Amino acid sequence: MTFSLDQFRLDGKVAVVTGAGGRGNSIGRAYAMGLAQAGATVVVADLNGEGAQAVAAEITERGGRALGLQVDVADEGSALAMGAAAKDAFGGVDILINNAALMVDISYDNCETVSLDAWNRALAVNLTGALLCARAVIPSMRARGGGRIVNQTSGGAFPATGLYGISKLALVGLTTSLAKQLGKDGITCNAIAPGNVMSDAGKMLVPDDPPLSASST
C-alpha cells in the first residue's frame, strides 16, 4: 500500500511546532516542512529566533505560509505571546506539536547526584513547556471547534533510566490527562515516542558510524 500527501491534506489549518528552528537535519524542522507540504500554515517556534525565521523563510520560498518566532517554552509569557501571535497572524491554531526539549544539553547524572538546578531546568522545558504551550493555544482550538495536540515523548522513557527519560515519561502523564480533559471539546492529545534518529542532536549521542545504522545487505 502506497501513501501520498494527497491523502493527507491540512489546507486551511494552522500548526504550531516548537523546537522547529534547527538548521539542517532536525525532527522539529521535519515536522514543520511536512505540515507545510500537506498545506498547513506553520508557526515555527524556537528559542533560536534566527533559526525559526530561517525555517519559516524556507517554507515561504517553497510556496507555503509560515511565521518564525523566538519562543522560550519554559516561560509562560513567551508561550502566551506565541499563541497570541499565531492568532493575530493567521486567525488561530488547529495543531500544536510540542517538540521543544532538552536532550543533548541535559545532565546524565543519576538521580542520587543530579543537581537540582539541572533537574528543574529539564522539567521546566521538557514537561512544563508542553503544558504552557498547550494552555496558550487551547482557547483558540476551542473557538475553532477542536484541535490536535501532539507531544513528543521518547523511547528513552521506557524505561526511564535518567533525568531525560523521567521528564519524557512525565510528559506521557500530561498527555493522558490533557486527552481526558479536552476530548469533550473536540481536542485530541496524543504522544509520539521515537527512538534515536539520525538528527544532528541524535548523532551526538551515538558513536561515529554506528553498526546498527548500516543498511542491511
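Me: Helices (H or I, at least four residues) and strands (E, at least two) are DSSP runs, numbered from the N terminus. Where does Asn126 lie, then?

Reply: Asn126 lies in helix α4. Please note that this is a predicted model, in which local features need pLDDT of at least 70 and side-chain atom pairs pLDDT 80 or more, while totals for chains, interfaces and linings use all residues. Residues are numbered from 1 along each chain as its sequence is written, and side-chain values use heavy atoms, without hydrogens or water.

Me: Is Asn126 buried or exposed?

Reply: Asn126 is buried, because its relative accessibility is 2%. (Buried means under 20% relative accessible area, exposed over 50% and partly exposed in between, with a 1.4 Å probe and protein chains only.)

Me: Which side chain does the side chain of Asn126 make a polar contact with?

Reply: The partner is the side chain of Ser167, at 3.0 Å. (A polar contact pairs N or O atoms within 3.5 Å; within protein, one must be able to donate a hydrogen and the other to accept it, and sequence-adjacent residues count only if both atoms are side-chain atoms.)

Me: And which backbone nitrogen does the side chain of Asn126 reach?

Reply: The side chain of Asn126 reaches the backbone nitrogen of Leu102, at 2.7 Å.

Me: Leaving aside neighbours within four places in sequence, which residues is Asn126 in contact with?

Reply: On that basis, Asn126 is in contact (heavy atoms within 4.5 Å) with Ala101, Leu102, Ile106, Tyr164, Ser167, Lys168 and Leu171.

Me: Which residues of α4 and α5 meet?

Reply: On the α4 side, the residues are Ala118, Trp119, Ala122, Leu123, Asn126, Leu127, Ala130, Leu131, Ala134, Ile138 and Arg142. From α5, Leu163, Tyr164, Ile166, Ser167, Lys168, Ala170, Leu171, Leu174, Leu178 and Leu182 take part.

Me: New topic. How many residues are in the largest nonpolar core?

Reply: That core has 35 residues, and Val16, Val43, Met82, Leu96, Met141 and Ile149 have the most contacts inside it. (A nonpolar core is a set of buried Ala, Val, Leu, Ile, Met, Phe, Trp, Tyr and Cys residues joined through side-chain atoms within 4.5 Å.)

Me: What does Leu96 touch, not counting residues up to four places away in sequence?

Reply: Leu96 then touches Val16, Thr18, Cys133, Ala134, Val137, Met141, Arg148, Ile149 and Val150.

Me: Which residues of α1 are buried?

Reply: In α1, the buried residues are Gly28, Tyr31, Ala32, Met33, Leu35 and Ala36. Among the elements covering them are β1, β2, α2, β4 (95–98), β5 (147–152) and β6. Just after α1, Gly39 takes a positive phi of about 105 degrees.

Me: Finally, how many helices and strands does the protein have?

Reply: The protein has six helices and six strands. From the N terminus on, the order is β-α-β-α-β-α-β-α-β-α-β-α.

Me: What share of the protein's residues is buried?

Reply: Of the 217 residues, 42% are buried. As for contacts with a separation of 6 or more, 73% are between residues 24 or more positions apart.
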